[in-house]
Amino acid sequence: TLASASSSSDSDTGGASPPPRKKHRASAAEGAGEPGASAVVTGLSSMQANGAGQGQESSELSCLNSAQNGESSSAGGTHSNGLLSSTDNGNSVGTSNGSSTGPGSGTSATASSSEVGSLKKKKRLSQAEEDVIRLIGQHLHGLGLNQTVDLLMQESGCRLEHPSATKFRNHVMEGEWDKAENDLNELRALMHSPNAIVFCFFQISPLSSPQRMKFLLLQQKYLEYLEDGKVLEALQVLRGELTPLKYNTDRIHVLSGYLMCSHAEDLRAKAEWEGKGTASRCRLLDKLQTYLPPSVMLPPRRLQTLLRQAVELQRDRCLYHNTKLDSSLDSVSLLLDHVCSRKQFPCYTQQILTEHCNEVWFCKFSNDGTKLATGSKDTTVIIWQVDPESHQLKLLRTLEGHAYGVSYLAWSPDDTYLIACGPDDCSELWLWNVQTGELRTKMSQSHEDSLTSVAWNPDGKRFVTGGQRGQFYQCDLDGNLLDSWEGVRVQCLWCLGDGRAVLASDTHQRIRGYNFEDLTDRNIVQEDHPIMSFTVSKNGRLALLNVATQGVHLWDLQDRVLVRKYQGVTQGFYTIHSCFGGHNEDFIASGSEDHKVYIWHRRGELPIAELTGHTRTVNCVSWNPAIPGLMASASDDGTVRVWGPAPFLDTQENCSNMDS
């Protein structure tokens, strides 16, 4: 009864909270043996546990949560998570001011208890979460949503950038160069902080960064003085501030030359500079930010950079992506993963060319992609015109008279001429003017020669040719012999872009480089089996080899290493010609003795497509260099098949649902 009365009295009158715990223990000792006093003590202890103690815990959690995110805590203030402290009609509940929550306030006690549980669930933001918030804040700031950024930073307890960096940014944008230089001294300490180590691992050493930044600042200051016509002030900056830095003296010499500019337009043109104002200062700030660790100031447009990298990575991983990479994020949806359908890939027969009346040994698109040349055992070369809209091929002209058949073709760099070679027992070479259909040169050095391969010099005025009987010639357009290399049994030839080196595969299962200017040669590729043919990528870095009984091998010519062996193709001792193709030459295609055309992504060993339709060995595959979705294959079945995307393209179908 006494306990109930005491509790009711305190609750009704809103009296002071129970005395401290030490006094409780003293009272309990004094009232030992008295049931009434014991009940009072029990009641008061219960009230304190449910009231003041709970409030103290809530307040401590609030302070801790705010302190962890860099904010000071205060009763009723904003937490670092954006929530206000719990209030009841404007009065704080369960705070550490000593007021108790009695039995009559059960609802408040329950709310306070649930709030403590909620606060306990709140955790400090991880580093990754803080980084994401900063990235979002930077992006919103770039859109001009500054109030939204302020609210985001306030609620999250994060900081978009260091205050010193903010001050530095403002001074740069306002053109207060002296103040900006002073700011560099504050930033110097931040650049040497442990947080800068990760940044400097892949960027520039922090020891030289302040000097570089100061140089960029003074350069902008100098140019703005010149544009304003303040030549004396600009000269003082050049002599008294830039030169003493002893940094990038070549650039200082260039800057000094701008003193001779007669007017501002001349200055901006020679310096390739936007002129004084927001544009040039923003560009300057972008450069300066690259020298600061991201913990101080985020790199420019960091979120867009990450999104662009994510899109590019998805495209790289897409097996069938065969279109030009657009770096703009506006060209893609960020809400869906990038997916290309197999139906967009040249896996479907668009046309079958049947004008040849015997085995078709070779096919090759012109360098501009407007024509296709096919050579056959029937002694003819047919030139086909590619329709730029429908991508259908029409017969343009037939070149006749190759008595031994045509096993190899090579377009001149400007596509004006076409050279045709025959099989092993052919000693002749034909050079045709494709535009007129006239035979310009028919070359034969000796009836004992075997001219089976040819390659154009990049200048379009010379070519090299050879065969397995030991002939290796360099000739002009009239067939005149310019140079020769004796004793080289050539299987296949290729001229590199520098115009000096010629690659030749020979009967010793290797590819060697030959220089006709200084008559030197060197070994580049060594295989264990005969190299039947090879081709080189546009940049001259990679070589694609068809190796007898082994299949298709990819070599790095610069590092001289075997990069990859592609699986699936059947390769015996027939000469089969493979090719690079698709946009950026990301794909590889080859014929096969099992009557199929195989396509691989350059980075994968397993084929992504096996094309059927031919009924005999597929001797050659050529990918159109201008139309990534167009490919041709020549076969012993006497046909040339033209491959393209599916006739009725369903752009909504995913790669994962396609056959390979």
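Colleague: How many helices and strands does the secondary structure of the protein chain come to?

Modeller: The chain has 16 helices and 30 strands. Keep in mind that this is a predicted model.

Colleague: What makes H11 and H15 roughly antiparallel?

Modeller: The angle. Helix H11 (residues 209-227) and helix H15 (residues 278-289) pack at about 170°. Roughly antiparallel means over 145 degrees. Therefore H11 is roughly antiparallel to H15.

Colleague: How far apart are their axes, and which residues of H11 and H15 meet?

Modeller: The axes are 10 Å apart. On the H11 side the contact has Met-213, Leu-216, Leu-217, Gln-220 and Glu-224. On the H15 side it has Ser-280, Arg-281, Leu-284, Lys-287 and Leu-288. By class, that contact holds 5 nonpolar, 2 polar and 3 charged residues.

Colleague: Why is Glu-585 called buried?

Modeller: Its relative accessible area is 12%. Buried means under 20%, so Glu-585 is buried. Glu-585 sits in the loop between strand E24 (579-581) and strand E25 (587-590).

Colleague: And why is Asn-248 called partly exposed?

Modeller: Asn-248 has a relative accessible area of 37%. Asn-248 belongs to the loop between helix H12 (231-242) and helix H13 (249-257).

Colleague: What is the phi of Asn-248, and what is the phi of Glu-585?

Modeller: Asn-248 has a phi near 55°. For Glu-585 the phi is near 50°. Both values are positive, in residues other than glycine. Most residues other than glycine have a negative phi.

Colleague: How do you know that strands E10 and E11 pair?

Modeller: Count the bridges. Pairing needs at least two bridges. Strand E10 (residues 429-433) and strand E11 (residues 438-443) have 5 bridges, in the antiparallel sense.

Colleague: What share of the residues in the protein chain is buried?

Modeller: Buried residues make up 46% of the 660 residues. Among contacts with a separation of 6 or more, 50% come from residues 24 or more positions apart.

Colleague: What does the accessible surface of the protein chain come to?

Modeller: About 32900 Å². Carbon and sulfur atoms account for 49% of that surface.

Terms used:
Residues numbered from 1 in each chain as written. Predicted model: local features only at pLDDT ≥ 70, side-chain atom pairs only at ≥ 80, totals over all residues. Heavy atoms only, no water. Helix = DSSP H or I, 4+ residues; strand = E, 2+ residues; numbered from the N terminus. Buried < 20%, exposed > 50% of the residue type's maximum accessible area, 1.4 Å probe, protein only. Axes fitted to C-alpha atoms, helices over the stretch in contact; angles between N-to-C directions. Parallel < 35°, antiparallel > 145°, perpendicular 65-115°, else oblique. Contact = heavy atoms within 4.5 Å. Nonpolar A, V, L, I, M, F, W, Y, C, P; charged D, E, K, R; others polar. Areas by Shrake-Rupley, 256 points an atom, 1.4 Å probe, with all protein chains shown as cover.
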